[in-house]
Amino acid sequence: MIKYLLILFLCAIVSVQGQQAMSTISKNQDSSYDIQDSVMVKTRDGAMISAIVVKKKGEKGPLPVVFQFTIYVRDTGRDLQSLKNTADKGYIGVIAYARGKRLSPNDINPYEFEATDTYDVIDWISKQKWCNGSVGMYGGSYNGFSQWAACKTMHPALKTIVPYVANRPGMGLPMENNIFINPNYEWAFYVGNNKYLDNETGNDRQRFRSMMFTWWDKGGAYNKMDSIDGTPNRWFQQWITHPDFDDYWQKMAPYKDDFKQITIPVLAFDGYYNDSQNSSLYYLKELQKYSPSTPFYLIIGPYGHFGTQQGGEKEVNEYKVDDVALFDINKITYEWFDHILKNGPKPSVLKDKINYEVMGANEWRSASSFEKMNNEVLKFYLSHQKKGSTYFLDSKTSNKNTFLSQIVDFKDRKLSGNSDYYPSPIEKNELDKSSGFIFTSNPVEKPTIVNGSFLGGLHVSINKKDVDLGVTLYELTPEGKYFHLSYYIGRASYAKDITKRNLLKPGDKAWIEFTNSHFVSKKLQKGSRLVVKIDVNKNPFSQLNYGTGKEVSTETIKDASIPLQIKWYNDSYVEIPVLNE
């Protein structure tokens with residue numbers, strides 16, 4: 001990503017032409033609005049971007065513009081309504097669709113051109129007589145990613161972004177810590193099969209579950225997944241040829257020094273149980289690192305990917321959230337736009353940079369930075385001492401020469417590993433003890449808030465060249481319930497550098513340090529215990545790493561003749577940030 005051609009983008013002479021065809025979507029026409037539904041914007045490389053512009057009839061003079069850029073085409077329904085809502089609030093509403101979508105004649109290639117296409121559309125917007133020179137962006141998921149992509153090279157007209165659960169391609173999806181995750185396989189068809197959305201294919205869960213479990217049962221190569229499905233998936237094939245976080249991914253959105261030139265204020269929304277949370281928070285943490293004076297704010301609570309975009313949900317993964325956790329995301333978003341684009345007051349909910357709901361406490365709290373959320377770090381070692389049916393999560397240094405041994409037979413498809421790392425349900429009666437090891441702490445002596453992202457170091461040795469690992473953090477309540485707090489999955493060979501694979505040496509000890517776990521805030525009851533489960537990632541829901549050192553997507557069950565032998569040394573540890581009062 002370092003080689004993003006940023007200088008080229010800044011120096012290039014961009015020719016952007018807007019062609020507007022005034023037409024009417026008759027069934028949605030409203031006499032209160034001026035709707036331009038067939039706008040086409042030509043990009044610097046000749047691609048055509050389809051867009052819709054909505055403004056209130058009778059508006060005089062230029063106004064600030066609220067802009068969305070998406071791959072999800074719902075033009076006559078939700079999209080048009082959101083543009084009318086924008087116009088009702090005193091802005092010009094513009095939505096543009098990724099190249100290849102709606103009226104665009106180009107090929108559909110998710111993620112790949114957003115960094116330049118968003119810039120070119122903003123440039124076009126800024127030159128229209130109805131624009132006062134100020135543009136703000138908002139939206140969730142892919143729309144969140146496209147806002148950060150627009151910041152790859154900053155256009156002077158872009159004044160603020162409001163990303164909800166923003167994706168970061170190559171980090172969270174379609175791979176997490178360099179392990180490819182299966183759900184994006186069918187998503188590619190959903191957004192790529194036609195100019196709109198292929199709902200029939202996207203909703204065919206049985207088709208893709210059958211494909212996934214057939215691959216798992218037969219032990220075929222991961223890159224042959226579409227052969228099992230019977231339909232070529234060129235997007236999937238493109239992605240899996242980039243297991244490194246290389247230039248392919250890096251050029252899609254800001255990376256390292258790119259963040260230095262981002263000086264506009266940012267308001268972000270996220271959820272503790274958002275699948276791609278680590279990619280969404282990556283942007284903010286990198287912004288804080290490279291551009292510390294840039295004002296940013298985060299609102300985060302017990303929400304999933306879709307729930308966050310709706311202002312929360314009463315129940316997530318069978319867990320009933322605190323009453324105070326729900327909020328009006330649309331109201332806060334436009335209060336923010338009024339604040340930045342119209343010099344209005346800052347939204348009252350933004351008490352500080354990080355605004356978070358504490359699960360179990362039914363209250364909101366704030367902090368000036370991620371680091372200021374906690375005032376203590378609990379360090380626990382994964383000891384070899386047995387305590388009841390599990391091992392002891394020990395606060396004292398453990399022996400670096402002792403270890404727990406695990407054998408993983410990749411030929412055995414009846415026994416999976418790390419299959420319960422995903423937080424659904426969030427609260428469960430017991431953990432799967434058929435694979436991996438479980439460590440339990442002493443009871444906490446007073447109520448304590450787990451606040452932030454846990455990290456750690458795993459000291460391991462294996463008889464192979466690579467392994468995928470999982471670490472999951474729980475609260476064990478006094479009532480005997482396991483409450484899912486956070487998790488990490490990652491490929492050992494990328495622990496030191498996500499951009500370059502460094503294979504392990506069979507038989508040698510290796511430190512696998514991890515930091516990219518999921519962020520959470522949860523009040524632990526007095527008497528609760530912290531529980532850590534470690535395991536080898538072996539299940540049908542992601543790529544399967546057999547450890548040969550070959551490209552993982554080409555490995556098959558034929559590479560599983562020798563079982564994996566892993567030693568988990570007892571000086572391995574986790575560090576859990578907490579707030580004590």
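Visitor: In which sense do S18 and strand S28 pair, and over how many bridges?
Guide: S18 and S28 (residues 564–569) pair in the antiparallel sense over 6 bridges, where pairing requires at least two DSSP bridges between two strands. Helices (H or I, at least four residues) and strands (E, at least two) are DSSP runs, numbered from the N terminus. This is a predicted model, in which local features need pLDDT of at least 70 and side-chain atom pairs count only at pLDDT 80 or more, while totals for chains, interfaces and linings use all residues. Residues are numbered from 1 along each chain as its sequence is written, and side-chain values use heavy atoms, with hydrogens and water left out.

Visitor: Which residue in S28 stands opposite Val-408?
Guide: Leu-564 of S28 stands opposite Val-408.

Visitor: Switching to helices, how many residues of H5 are buried?
Guide: In H5, 9 of the 9 residues are buried, so this helix is largely enclosed by the rest of the structure. Among them are Trp-187, Ala-188, Tyr-190 and Val-191.

Visitor: What covers the buried residues of H5?
Guide: The cover includes helix H4 (142–150), helix H6 (199–202), H7, helix H8 (225–229) and helix H9 (234–240).

Visitor: At what angle do H5 and H7 cross?
Guide: The axes of H5 (residues 184–192) and H7 (residues 205–218) cross at roughly 140° and come within 10 Å, which makes H5 oblique to H7. Axes are lines fitted to C-alpha atoms, for helices over the stretch in contact, and angles run from 0 to 180 degrees between N-to-C directions; under 35 degrees counts as roughly parallel, over 145 as roughly antiparallel, 65 to 115 as roughly perpendicular and the rest as oblique.

Visitor: Which residues meet there?
Guide: From H5, Tyr-185, Glu-186 and Phe-189 meet Arg-205, Arg-207, Phe-208 and Met-211 of H7, contact being heavy atoms within 4.5 Å.

Visitor: What about H3 and H4, at what angle do they pack?
Guide: Helix H3 (residues 114–126) packs with H4 at an angle of about 75°, their axes lying 8 Å apart, and the two are therefore roughly perpendicular to each other. H3 contributes Glu-114, Ala-115, Thr-118 and Ile-122 to the contact, and H4 contributes Tyr-142, Phe-145, Ser-146, Ala-149 and Ala-150.

Visitor: Now the backbone: which residues does a cis peptide bond join, with omega about -10°?
Guide: That cis bond joins Leu-173 and Pro-174, and Pro-174 lies in the loop between strand S7 (158–164) and strand S8 (175–176). Ser-424 and Pro-425 are also joined by a cis peptide bond, with omega about 0°, and Pro-425 sits in the loop between S18 and strand S19 (427–428).

Visitor: Where is Asn-418?
Guide: Asn-418 is in the loop between S18 and S19; this residue has a positive phi of about 60° although it is not a glycine. Most residues other than glycine have a negative phi.

Visitor: Is Asn-418 buried or exposed?
Guide: Asn-418 is buried, with a relative accessible area of 4%. Asn-317, which has a positive phi near 50°, is partly exposed, at 25%, and is found in the loop between strand S12 (315–316) and strand S13 (319–320).

Terms used. Buried means under 20% relative accessible area, exposed over 50%, partly exposed in between (1.4 Å probe, protein chains only).
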